Amino acid sequence: MPSLTIDQIPVEVPDGTTILDAAHKAGIMVPTLCYLENVQAIGACRVCVVEVEGAKTLIASCVAPAANGMKVQTNSRRVREARRMVVEMLLSDHDGDCQTCDRSENCELQSLARELGIRQVTYAGDKSRKIVDSSTPALKRDTSKCVLCRRCITVCNEIQGVGALQPQYRGFKTVVGPAFCSELKDVVCVQCGQCGAVCPVGAITEREDIDEVWAALDDPKKHVVVQTAPAIRAALGECFGYPPGTLVTGKMVSALRRLGFDAVFDTNFAADLTIMEEGTELLTRLKQALVEKKPVALPMFTSCSPGWIKYLEHFYPEMLPNLSTCKSPQQMFGALAKTYYAQKIGRKAEEITVVSVMPCTAKKFEARRPEMDGSGVRDVDVVLTTRELGRMIRQAGIDFASLPDGKMDSPLGVSSGAADIFANTGGVMEAALRTAYEIATGRPLPFENLHVKPIEGLEGVKAASFQITGALPAWSFLEGVTLSVAVAHGLSNARKVIERIKSGEGAYHFVEIMTCPGGCIGGGGQPRLTTNAVRKARIAAIYKEDEGKKLRKSHENPEVQQIYREFLGAPLSEKSHHLLHTEYTARAKV
Amino acid sequence: MKSVRSHILVCTGAGCVASGALEIKSALEESLRQHGLAEEVRVIGTGCLGPCAVGPVAVVHPDGVFYQGIKPEDAGVIVSEHLLKGRVVERLVYKDAVKGRSVPALQDIGFFRKQVKNILRNCGVIDPLKIEEYIANDGYQALSKALTAMKPEEVIDLVKRSGLRGRGGAGFPTGLKWELTRKSAGTTKFVLCNGDEGDPGAFMDRSILEGDPHSVIEGMAIAGYAIGSSQGYAYIRAEYPLAVERFGKALVQAREYGLLGKNILGTSFEFDVEIRMGSGAFVCGEETALMTSIEGKRGEPRPRPPFPAVKGLWGKPSLLNNVETYSNVPLILTKGVAWYTAIGSAKSKGTKVFALAGKVNNTGLVEVPIGTPLGEIIYDIGGGIPGGKKFKAAQMGGPSGGCIPKEHLNVPVDYETLTELGAIMGSGGLIVMDEDSCMVDVARFFLDFVQDESCGKCVPCRIGTKRMLEIVNRICEGKGQESDIERLIDLGGKIKDTALCGLGQTAPNPVLSTIRHFRDEYVAHIRDKRCPAGVCPALVRAPCQNACPAAVDVPGFVSLIGEKRYSEALGLHRERNPFASVCARVCFHTCEDKCRRSTLDDALSIRGLKRYLVEQEVTIQLPEIRDDEKNAKRKIAIVGAGPAGLSCAYFLARMGYRPNVFEAEQRPGGMLVQTIPAYRLPREELAREVRMIERLGVDIQTGVRLGKDFSLTSLRNEGYEAVFLGVGAPQGTNLGVPGEELEGVTDAIGFLREYNIRGSAHVGRKVAVVGGGNAAVDAARTAIRLGAESATILYRRSRDEMPAYAEEIDEAEHEGVVLKVLAAPVEILGKDGHVAGVKCSAMVLGDFDRSGRRRPIEMSSGEFVEEADQVIVAIGQAVDADSLRNGVDLKLTRSKFIEINPVNGQTSVPWIFAGGDAATGPSSVAEAVGSGESAAVGMDEMLTGAKHAFWRVERDVGTAFDPEADPVQYPRAQMQLIPVARRRQNFSEVEQPFGPQDALREAKRCLRCDYRAKE
């Protein structure tokens, strides 16, 4: 337990604590830029430098361990001037077009400059090369705004294990980008947007599609419907100053109505539908394996997360048969809105515009996948992120805080609590188990409050297994079977699970993978910054939404039951195959 | 084993291989076969001998004869002459650059003689591809001793006690590093060798890897044993293919001999080494970046702590030393701590290899004890500066090092001293720079290098060094601002304080150290828009013009002479300097010193051309004058009708002023008339140019002395708005030895003035002149002409260091003046109150003083008496400032000259300006002209608030030049001198002008550096 003084304040911290954390413990805020808790501590930007007595140079507090007897100054003249120099250098190399930057007022560089009292940039000179890459539907990169903090690189390489971004060139010419400065569309990028989620400035953002939505809303010939993903309601409030974890479902519905959408629906409805389809697919695969002894791909992987799907297509194409053939809820919704719903309101698919609000940038990519046209046209027309919706609401001059609570429209607006928890890691698995277990045994899932404790939380890889007893006659082949499931979030964790499966170390039946750490609540399109504390708060809100509903199992959703009755027939029917299932494409590794 | 009569050691280091060593080796072998000597003489390819610039080189043993610059076709003559007949091939042996004589024996060559080759002990001696030769030279004895007779702790203790410090740059104690790594927890540890030598010009590690790879392998294996590691990695740059190849082969041999692998030398110790090639990123020399690179990632540093000793390669404790450091280790074990610590300085033991490069006669690898004075490395080993140029600075420690100026030639080269002076030892790069190097440009070069090589990870290095580079660039382009120097210091200091790794923390060093030692050069670029060394293209039209203190358009007038447009040429000269005829005779021609033609053959004879030019003048033409009624009415006084005062008057007159010149002596001209003898400058020539100035409306009053007939205050009271002080430095200075009061002791200025102004001066029979400057030479030559039987110049340093112009010294000797150098007067002896002789101490040159010259020190037994009945003291000049500034608070410099702003000549009193010797101390005519001109412009600006120096505009003289044509091949023309016999007893001009043919040819030799392609 080193004990040291920071600005004369004595502190005692556990071994291995950084000076930065020790300072926090002493109630001192040291400014940082490249540092990001649980993501990266590389001492690159030098904003967090402090003066340590006896040290030759200033020390980056985010990486330097606190040592016994250390005397640290965080606010000496030497430190202040050094920090100002560093930030001034960054500003001298920065595009600086704050007025038109989407990060203005939410920009870490801007805040730093303000906090350090920089009133003028006294150094002029060359600026870094401006490379704008908007080659993918999901993301836009602008190197002239980049501060080379490398958070994106660390997230992409270490947390996602994708490695699409690297530093390119050296010295002042250094830029962040794919190898050889290729475009993102030509590399393994899964378009998860985690890079943009951690970007402190406006260098990586989602590709903004707000104007397309306005155009549809302005078009009197269009019937514009909107669907909102489960994770939106727990995060949208942050765009308007609410603390993380504030549920704003009702206000969100009202805001969407005011924006002029003809119908406000819920992706959650499609999530319940996914459970029906995916659950049935799992049971079918199990039956094929256990009873018919057919060579069937197990474990089955969930397929809701488009980043994960693209990841598998690039890195493990041989595992593609393990992916559930179910489309994601977003795409199921789109296909049904332009068929089932279109019929109901007597419009043609072409006349309907489906807008989705997603916590996810990869959803923009998913909506443009060529196979996503089950309805005969694009199933989903425009995808907005949570952040874009927030901006759109501001553009419309809507005072979000004073909005009344609204209700989703029918027939695609009702959902169960099981659909809500699609938003977080472990949620799809739990939702599936709630339904599958009950269908197989006639009894509810034997966990307190229906929550499968072992697969909850932010642990990277989680696993659970339980034995099925008292199976109903139709499912007798499951009697006594120990069902093993695994849950992973963050693609490097997904890789771990896959490697475990490939090595035979992990024998699972069903595996849930979410691309982003924490699941969709931590998606690349969510309000910044998503720290672990924010993730926890959002997850808690989601569970609250789930628990607050009477309807908590997908198969109990009356509108789901209705659609099977009226339109689809049964899960895995021919119609649902056509509209709700898909296939995958192997992609190159580079 | 067969015995052989001779060995020919052919250097096969990469440098010599590149210049054909392998072909030479086979040619030698072939020739030996043809002569039937193949059995008697063996040819051996060795590692680098050091003097790469003169490669390919070879040594014939046992005679120890060193051949250089060998070509394959020389093999035959070496064999037939040297090996068959025993005659040294004179043409191929080393030539002493200073003395010009041949030095055949290796041990007689200064470059080798002064070195102590410990680390390079085997380089150039053994065949690096044969482990047997290494073993035969005590190789692997140290490893054997460590494994069989020592505990790992004992090995570490030995290395600690040896005082060995890291040769990679920072000088961290090696033994301590070993101990820390040994003590680190963990069973897997690595021994890493840094062979990523990246400093421009440094190649000592490459030479060791190529020439003695086993010494590195042995050092690494010992380190492995000491720290408890079984795996080593040698990180060698991919640009060193020969080093990689030889080191790789050495590894194979070591494994074959059981010196690597399992159970080494029959013990349980296991160790092996793998090569990892680095692809040439400078930053990969930084230890954490090197490890990151070995791990297969982009070579970038990571924060420390954790230090490599705790968490290094792949997170395991790792020991990283560089090639040279490992190469020291076997020596310490075999020869012992006492032997090792006997070499070196108090805090740094052993030897260090330097890569000597740049403006030095002998370049290459040199090994010296740590603590050897820098001057010794440059002069004794390096053989001094080529072309008689002055040493300016040594850049040490590579791009992140710094520059050591001449003031510190005497410092011992060790870690602490270099750091104190703002440089670093680094890996041992030592680049010598002479007066032609612009220190701002040098800083720019190195900064550009580090900026390019920055990994881009941390902000201070990535952007900060870029901003520094941008500032330095704009300074070099003449766009610097007054605040730039402070800005560079501030930014540089902060970058050092905040950057992530050693590269960034030292990146500002080249700038900071040049600012520290050469601030005046920065100031010249920023304030005067001048590059004193004549390097920065934006500020230098042509190096000759840049070097001229009066900024005369040299290429302009030279090319006009080439087209016989003499009157235009003279007019152009007088645009900037009225004293064309004077300067044609007495100018010290810095223009010629900087002439780029000298890199081809010899400098252009610019003064000779000027002399020819003024001979063509029939009637003197007046320059352009811009009449100005207002200016004509203003009263301006110029005190002193020397070159500075008259130039000031000349330029003022051209702007329409009518200045009054007051001269204390009876004749105008100042030093030109008072001290420069007529045999150098005929009186009529000076008078013509003075008359020209008078004709511009300048009134010269002679015989009126400041301080006696008038004062600065009285001038002010009479309504003078501005005063220029060009009073010279006419006071002689004393020797400060006993006997100076004796009759017959006089100062040179007084002696010369007396003769030149009054027409006669007393001269003794035996004259002794004390001093080494032009005044001393003039006095001696005048004394001879006035009938002295003998004239002896006594000078306390060596002839090379005499400040007088070399050609003047030569002519003095021709005329019979005796030169006694290294003689310092200690007493003037008298007889009956009259001088009888000078008692002198014989001196030797010792270490270097702050002027960068060797300090003369007294020899214990070397006093002698120079008999003389007249002693002329010429050791310095001074200005009697007190009498002239009477009542006015004029600031003086530390040397008691008048302090001025060099840009406009203004003194601390705004209406008083000054220039010439009175301000600068004794200097040249051209300097005086330049300072007079600056003051004229400064006065005008003060009086009118604007600059009217219309002559400063650069003009195109419209002479023909074909940039595609090859330079003409004529040698430099020489001016004829009248025979010595005709010089005695008279003051006829000694130098005779060129004839027209010589002059026109000479003019065509100009390379026209002023030429710029028209856009």
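Across the interface of chain A and chain B, the rule finds 5 salt bridges, each a side-chain nitrogen of Lys or Arg within 4 Å of a carboxyl oxygen of Asp or Glu. In one of them, the side chain of A:R78 meets that of B:D497 at 2.6 Å, N to O. On chain A, α2 (77-92) and β8 (166-168) each supply at least two residues of the side that touches chain B; helices (H or I, at least four residues) and strands (E, at least two) are DSSP runs, numbered from the N terminus. The largest share of that side, 8 residues, comes from α2(A).

A word on the ground rules: this is a predicted model, in which local features need pLDDT of at least 70 and side-chain atom pairs count only at pLDDT 80 or more, while totals for chains, interfaces and linings use all residues. Residues are numbered from 1 along each chain as its sequence is written, chains are lettered from A and ligands numbered from 1 in the order in which they are written, and side-chain values use heavy atoms, leaving out hydrogens and water.

Back at the interface, chain A and chain B each bring 35 residues to the contact (heavy atoms within 4.5 Å).

Now step into chain B, where B:N577 sits in the loop between α24 (566-576) and α25 (580-586). B:N577 is buried, with a relative accessible area of 1% (buried means under 20%, with a 1.4 Å probe and protein chains only). Leaving aside neighbours within four places in sequence, B:N577 is in contact with B:A550, B:V552, B:C583, B:F651 and B:V929.

Key: Buried means under 20% relative accessible area, exposed over 50%, partly exposed in between (1.4 Å probe, protein chains only).
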